[in-house]
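Hi,

Here's the structure I promised to pass on.

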Amino acid sequence: MSELKIGIVGLGWVAGAHIETFKHVTGASVTAVCSRRELTPAALQAQYGQPLKAYRDYADMLADPDIDAIDICTPHPYHAEQAIAAANAGKHLIIEKPIALSWEDARRVQAAIRANGVKAMVCLEVRYSAQFTLTRSVVEQGLLGDLHFGEVDYYHGIGPWYGQYGWNIKKDMGASSLLTAGIHAMDILLMLMSSPVEEVTAYGTTSSSEHFTPYEYPTTTISLLKFAGGQVGKVTSCIDCLQPYYFHSHLVGSHGTLLDTKLHTTRLPGMVKTRWSELATHPIDSGDVSDHPYQPQFQAFVDSTLAGTTMPLTDFDTALESHRVAYAADLSVQRGVPVKLSELA
């Protein structure tokens, strides 16, 4: 196989960003789309600037031998069954987060991927951003020493002005603040702390604003994490805020601190104790999918899949662990007690 031919299921805002991204990825091309809407090749060519085969029946697209991988861009509740069907059809997988709305369904997806020997990735693309590529390098080079505390927070008001609001407010569609959005923050904290989570205690609340009261689940959650290595962490997922988008990070170690893009470390001579040093990078500062760092992630997936290897950073099993912690946090909110990760074996 010299090129991955991609079929996208779901044709909304996110799918459009994926199609545009794949125009800049070497070794892959989007060749087909599947949507409940009546689509014509001419209309698709006009909208996306490339020829695309149109399907209305997902089973028909999965039966197409010319499609090597399926890119799942549908609303959350459909991800698990569509991923399982694609894996059973021998197709590689790109799955928009969340993998599934429950731990049990996510494990079913994992089982199908393993049984069929296909490659899969999950769109936790913040790991591939310039900001967190640099942050990971700062940590790995030891400029902060041994981390003992970290917090990563997601602030993005998803109100009536946002495209997915109409279905996102439903419990059986959006599921939770973490699963619909804040999983990105959870995933980044787990990447940086490099230690398994043993226990999570989480709390939830909701704004009284008319924009957010229609939600059927808590729109702000705070998760306190206890790591196996003794570290502690915090993740806020706030989708009921009225403010600009903000992806906050704060890492504290034995030799320094990193606050968003501001560094202080004792391991560089000449640092002034009362001042931060600013790291020049492109920060995560937008919730618009057109600004997401998909390109390096998709390129890594294509390169590794063509080589028959596992991609770095956002392979399925790595993403599943971030989801496992999010499911545990949601359980803690529901029960009002801490949840041990061993409960989700």
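This is a predicted model: local features need pLDDT of at least 70, side-chain atom pairs count only at pLDDT 80 or more; totals for chains, interfaces and linings use all residues.

Residues are numbered from 1 along each chain as its sequence is written, and side-chain values use heavy atoms, with hydrogens and water left out.

Helices are DSSP runs (H or I, at least four residues), numbered from the N terminus. H4 (residues 79–88) and H5 (residues 103–116) have axes that come within 8 Å and cross at roughly 10°; axes are lines fitted to C-alpha atoms over the stretch in contact, with angles from 0 to 180 degrees between N-to-C directions. The pair is therefore roughly parallel (angles under 35 degrees). Contacts (heavy atoms within 4.5 Å) involve Ala80, Ile84 and Ala87 of H4, among others, and H5 residues including Val109, Ala112 and Ile113.

H8 (residues 177–193) has a kink of about 65° centred on isoleucine 183, the bend being the angle between axes fitted to the seven residues ending there and the seven starting there. 17 of the 17 residues of H8 are buried, so the helix is largely enclosed by the rest of the structure; buried means under 20% relative accessible area (1.4 Å probe, protein chains only).

Lastly, threonine 314 sits in the loop between H9 (294–307) and H10 (316–335). Threonine 314 is buried, at 1% relative accessible area, and touches Tyr128 and Arg127, among others.

Cheers

Definitions and conventions: Helices (H or I, at least four residues) and strands (E, at least two) are DSSP runs, numbered from the N terminus. Angles under 35 degrees count as roughly parallel, over 145 as roughly antiparallel, 65 to 115 as roughly perpendicular and the rest as oblique. Buried means under 20% relative accessible area, exposed over 50%, partly exposed in between (1.4 Å probe, protein chains only). Lists of a residue's contacts leave out its neighbours within four places in sequence.
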